[in-house]
Amino acid sequence: VQLQAFGGGLVQAGGSLRLSCAVSGRSFSSYFMGWFRQVQGKEREYVAAINWSGGSTYYADSVKGRFTISRDNAKNTAYLQMNSLKPEDTAVYYCAADLSVITPWGGARYWGKGTLVTVSS
C-alpha cells in the first residue's frame with residue numbers, strides 16, 4: 001500500500017488548512033487511518049485517527065475541537081481539516097494506515113511521506 005499526503009503550506013494563526021491522504025493498493029476501507037505530526041528534534045505525536053467505516057474518530061487533546069478527521073472510501077482518501085491553527089501546530093504531518101486500530105502509543109504499519117504545515121504568528 002502507498003500513502004501520499006498533501007495539502008500542507010504556510011498559514012497565519014487562526015487560519016485553516018485541509019490535508020489529504022491518498023491511498024493506493026489494497027482496499028482502502030480495510031485500513032484504519034491516522035494522522036501524526038513531528039517537529040524536528042521531537043518525538044512523533046499522534047493527532048487523530050478514524051476507523052474503517054468513518055463512524056468513529058479519535059483526537060489528541062491538543063487538537064480536539066479544532067481538527068476534524070474524515071475519510072471518503074469511494075475516493076480512497078482520508079482528510080484532516082485543521083481550523084483555528086496555532087503556531088504550535090507547526091510540524092510535518094504524516095498520514096498512516098494499518099489493518100488494525102491505530103493508537104497513540106502503537107503507531108501504524110504504513111506511512112506516507114510528510115507534508116509540512118507552518119503556522120505563522
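**Reading rings, a disulfide and a fold**

Me: How many aromatic pairs are counted here?

Reply: In this predicted model, the count comes to 5 aromatic pairs. A pair of aromatic rings is described by the distance of the centres and the angle of the planes. Take Phe36 and Tyr46 as a case: their ring centres are 5.6 Å apart and their planes stand at 80°, so this pair is edge-to-face, given that angles over 60 degrees are classed that way.

Me: Which residues do ring pairs link into a cluster?

Reply: The cluster is made of Phe32, Trp52 and Tyr58, which are linked by ring pairs.

Me: What does the disulfide join?

Reply: A disulfide is a covalent bond between the sulfur atoms of two cysteines. The structure holds 1 disulfide, and it joins Cys21 to Cys95, with an S to S distance of 2.2 Å. Cys21 lies in strand S3 (residues 17-24) and Cys95 in strand S9 (residues 91-98), so the pair ties together parts that are 74 residues apart in sequence.

Me: What is the handedness of this disulfide, and are its cysteines buried or exposed?

Reply: The torsion about the S-S bond of Cys21 and Cys95 is about 60°, so the disulfide is right-handed. Cys21 has a relative accessible area of 0% and is buried, and Cys95, at 0% relative accessibility, counts as buried as well.

Me: How many helices and strands does the protein chain have?

Reply: There are 0 helices and 11 strands in the protein chain. Among contacts with a separation of 6 or more, 55% come from residues 24 or more positions apart.

Me: What radius of gyration does the chain have, and what would a compact globule have?

Reply: The protein chain has a radius of gyration of 13 Å, which agrees with the value near 14 Å that a compact globule of 121 residues would have. Its C-alpha atoms fill a box of roughly 40 × 25 × 25 Å along the principal axes, and 41% of the 121 residues count as buried.

Key
Residues numbered from 1 in each chain as written. Predicted model: local features only at pLDDT ≥ 70, side-chain atom pairs only at ≥ 80, totals over all residues. Heavy atoms only, no water. Disulfide = S-S within 2.5 Å. Helix = DSSP H or I, 4+ residues; strand = E, 2+ residues; numbered from the N terminus. Buried < 20%, exposed > 50% of the residue type's maximum accessible area, 1.4 Å probe, protein only. Phe/Tyr/Trp six-rings, centres within 6.5 Å; stacked < 30°, edge-to-face > 60°. Rg over C-alpha atoms; globule rule 2.2 N^0.38 Å. Contact = heavy atoms within 4.5 Å.
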